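The sequence and structure come first.

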Amino acid sequence: MARPNRTVVTDFLLVGFPSRQDLSLLLFSLALPVFLLGLVGNLGLAVLIRAERSLHTPMYYFLSHLALLDLCSCCAVGPVMLWGLLAGRAALPGPACALQMFLFAAATDAECCLLAVMAYDRYAAVCRPLHYQAAVPPHLCRGLVLGSYAAGAASAAVHSGLAFRLPFCRSRTVNSFFCDIPPVLELACADTSLNQALLLAICGAIQCVTLLAILASYGLILGAVGRAGLRRAASTCGSHLAAVAVLYGTLIFMYLRPEGSYAPQADKMAAAFYTVVIPTLNPAIYSLRNADVKGALARQLLGGRRIWGG
């Protein structure tokens, strides 16, 4: 039997951009401020939490790392996407494509783990307020954050490592605006069933386990406060629940589907939402409704103190 004509792919051409220049420029004019807001919002939130002593609590410690993960997502995808909208396409060398895939997948999976950690923190704050410091001590906070990062990095290393061990003989054209796992796997001329199975198993395990942990935490909160304390619990946990709903809804749509059900156009719209919009929404979700963050920001801006002074 004749072997497939395998070629070594050195550059990946991202073509998941509109073919009409006027539409591309319109999308660029919309995406650029969203991207900049995401950068400024997440970096500003992380720096504010570091600078303001009143925010040195487990809740805001976790929130600062969530902002750093969103910042990583923005930086991994945003610049290439914006350049592609201007130029109509964007080319990435193989190692750069692999790095982009790894960084984005690691940040996304780590964020799922961190959201579960934050749900436990909310459970401890609402249900065990007198023992909150004992339930979430500093060494546990550091360990949970490091564990979230490790889980995200391990998952991303498996997916990106196996994906770029495949031979690419069909094309080097990726029908997306960044090196996401499913569109890159479509270019392989070898069997990708192992990659697809691991994608479903590992991402499914991370998303299902963390989502169950979040639901269990909020179930315990609801059982503890009852109807009388529901409004107070909603004001404490509403921001976190909103972030969970937005992220998990998009990720389940993107990755926990059978291989044959991927639709490029719908997937590109969903990918644009969770790569650019969600990282921009999270700082707004957690700060606009949060009196502590707004008060700390007012003190830093109006109190004449330098925000870098700690």
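## Disulfide

The structure, a predicted model, holds one disulfide, meaning a pair of cysteine sulfur atoms within 2.5 Å. The partners are C97 and C179, with sulfur atoms 1.9 Å apart. The pair joins distant parts of the chain: C97 belongs to helix α3 and C179 to the loop between β3 and α6, 82 residues apart. Helices (H or I, at least four residues) and strands (E, at least two) are DSSP runs, numbered from the N terminus. The link of C97 and C179 is left-handed, with -120° about the S-S bond.

Both C97 and C179 are buried. Buried means under 20% relative accessible area, exposed means over 50%, and partly exposed lies in between (1.4 Å probe, protein chains only). D180 sits in the loop between β3 (173-174) and α6 (181-185) and is buried, at 4% relative accessible area. The C-alpha atoms of D180 and F102 are 9.2 Å apart, although the two are separated by 78 residues along the chain.

## Other cysteines

For C75, the closest cysteine sulfur is that of C74, at 6.6 Å, which is too far for a bond. C75 is partly exposed, with a relative accessible area of 42%. C208 also counts as partly exposed, at 42% relative accessibility.

## Aromatic pairs

Seven aromatic pairs are found in a search of the whole structure. Rings of Phe, Tyr and Trp (its six-membered ring) pair if their centres lie within 6.5 Å; planes under 30 degrees apart count as stacked, over 60 as edge-to-face and the rest as tilted. The pair of Y120 and Y123 is tilted, because the ring centres are 6.3 Å apart and the planes stand at 40°.

Both Y120 and Y123 lie in helix α3 (residues 94-127), three residues apart, or about one turn of the helix. Y120 is partly exposed at 29% relative accessible area, and Y123 is partly exposed at 22%. Ring pairs also link F12, F164 and F168 into a cluster.

## Nonpolar surface patch

L23, L26, L27 and L30 make a nonpolar surface patch of about 330 Å². Patch residues have over 30% relative accessible area and no salt bridge, and nonpolar side chains (Val, Leu, Ile, Met, Phe, Trp, Tyr) are joined within 5 Å. A salt bridge is a side-chain nitrogen of Lys or Arg within 4 Å of a carboxyl oxygen of Asp or Glu. L30 is placed in helix α1 (residues 21-51) and is exposed, with a relative accessible area of 52%. Accessible areas come from the Shrake-Rupley method with a 1.4 Å probe.

## Basis of the values

Residues are numbered from 1 along each chain as its sequence is written, and side-chain values use heavy atoms, with hydrogens and water left out. In this predicted model, local features need pLDDT of at least 70 and side-chain atom pairs count only at pLDDT 80 or more, while totals for chains, interfaces and linings use all residues.

Definitions and conventions. Patch = residues over 30% accessible without salt bridge, like charges linked within 9 Å, V, L, I, M, F, W, Y side chains within 5 Å.
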